[in-house]
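Please look over the structure shown below before reading on.

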Amino acid sequence: IQYHWLNNNYRAFQDFTDSLTSKKRKKIIKERRDIKNSGIEIMHLNGNEISNMQWNTFYQFYCQTFYNKRGEPRLTLDFFKHIGKVLPEQTLLILAKKDGYYIAGAFAMSDQNTLYGRHWGCNQYVSNLHFELCYYQTIDYTIKNKLQRLDAGVQGEHKVARGFHPIQMT
């Protein structure tokens, strides 16, 4: 099972939240408000805008996520840098900064119809930051770029509460 978010021709993120039940809408609005009020700055960068320092920082976050789960990162720093150069418009890096320092990042790739969100990491825990970068920022990006869906991958029934649908893959 994978979890996909479908863009029903939304014009803005609020159009999406307006389509949800009151309970789901309130939860998302509260989670987003908490991040906004925490002083975290969020930026979206396409491949050709990402500096070596930003790639290096994201890669540390990415690796730490695997190490925390007793796994080994499968992608290399050179891979991320290369993909950003050869597919700059399809590469998206979302970075979060607090007090002048990067604290988290999420990596995604797109094609003509879909944003594929897969990798995330951080160097400090902030409640709801994972949801903001991996779900809400990618949903917002999907809407603004008129993509049809966001594929958030496997795992996580918690995605359903945030507007994603379980899709049985064959």
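The model is a predicted one. Its largest pocket has a volume of about 920 Å³. Closest to the centre of this pocket, among 31 lining residues, are Thr 65, Lys 69, Arg 118, Trp 120 and His 130.

**The lining of the largest pocket**

- Five elements each supply at least two lining residues: α3 (52–68), β4 (101–110), β5 (114–122), α5 (129–144) and β6 (149–154).
- The largest share of the lining comes from α5, which gives six residues.
- Sorted by class, the lining of the largest pocket holds 15 nonpolar, 13 polar and three charged residues.

**How α3 and α4 are arranged**

- Two packed helices are described by the angle between their axes and the distance between the axes.
- For α3 and helix α4 (residues 77–86), the angle is about 135° and the axes are 10 Å apart.
- The two helices, α3 and α4, are therefore oblique to each other.
- The crossing in which α3 passes α4 is right-handed.

**Where α3 and α4 touch**

- On the α3 side, the contact is made by Asn 52, Trp 55, Asn 56, Phe 58, Tyr 59 and Tyr 62.
- On the α4 side, these residues meet Leu 77, Phe 80, Lys 81 and Gly 84.
- By class, the contact of α3 with α4 has six nonpolar residues, three polar residues and one charged residue.

Definitions and conventions: Residues numbered from 1 in each chain as written. Predicted model: local features only at pLDDT ≥ 70, side-chain atom pairs only at ≥ 80, totals over all residues. Heavy atoms only, no water. 1 Å grid on protein atoms, 1.4 Å probe; cavity = no way out; pocket = protein on both sides within 12 Å on 5 of 7 lines; lining within 4 Å. Points joined across faces, edges and corners; volume = space filled by probe spheres on them. Helix = DSSP H or I, 4+ residues; strand = E, 2+ residues; numbered from the N terminus. Nonpolar A, V, L, I, M, F, W, Y, C, P; charged D, E, K, R; others polar. Axes fitted to C-alpha atoms, helices over the stretch in contact; angles between N-to-C directions. Parallel < 35°, antiparallel > 145°, perpendicular 65-115°, else oblique. Left-handed = near helix turned anticlockwise from the far one by under 90°. Contact = heavy atoms within 4.5 Å.
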